[in-house]
Amino acid sequence: QVQLVESGGGLVQPGGSLRLSCAASGFTFRSFTMSWYRQAPGKERELVATISISESTIYADSVKGRFTISRNNAKNTVYLQMNSLKPEDTAVYYCHTPRLGSWGQGTQVTVSA
């Protein structure tokens, strides 16, 4: 069955960096657009970034210029490189396949001094 497993979250100081990974299985990864979402406490889940099968990308305005989404089809993995992190980036980050409607379990990112 479809599985998405996120990793790489943690506690980081403002201005720091983290790289999230999402390992996918159970489907032909290279044929699917992949997305990262996040959900902060008390807020709705929001789209962070999307990467298509042709590797075109879309970003939320709040992360443009700071976050980079990429994919490695040989490893069935999508990444989210997060730089210049801010306290408002604190959230649970989720991997998502829009066409399949599948979600990972999420990984916590906390940005705090």
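I am working with a predicted model, where local features need pLDDT of at least 70, side-chain atom pairs count only at pLDDT 80 or more, and totals for chains, interfaces and linings use all residues. Residues are numbered from 1 along each chain as its sequence is written, and side-chain values use heavy atoms, leaving out hydrogens and water.

**Salt bridges.** I looked up salt bridges (a side-chain nitrogen of Lys or Arg within 4 Å of a carboxyl oxygen of Asp or Glu). The structure holds four. Arg38, Glu46, Arg66 and Asp89 are linked in a network of them. Arg38 pairs with Glu46 at 2.7 Å, N to O. Arg38 also meets Asp89, at 2.9 Å. Arg38 sits in strand β4 and Asp89 in the loop between β8 and β9, so this pair ties together parts 51 residues apart in sequence. Strands here are DSSP runs (E, at least two residues), numbered from the N terminus. Arg66 bridges to Asp89 at 2.7 Å.

**Burial.** I checked accessibility next (buried is under 20% relative accessible area, exposed over 50%, partly exposed in between; 1.4 Å probe, protein chains only). Arg38 is buried at 6%. Arg66 and Asp89 are both buried. Glu46 is partly exposed at 36%.

**Thr50.** I found Thr50 in strand β5. Thr50 is buried, at 15%. Its side chain makes a polar contact with that of Ser35 at 2.9 Å. For such a contact I need N or O atoms within 3.5 Å, one able to donate a hydrogen and the other to accept it; residues adjacent in sequence count only if both atoms are side-chain atoms.

Definitions and conventions. Helices (H or I, at least four residues) and strands (E, at least two) are DSSP runs, numbered from the N terminus.
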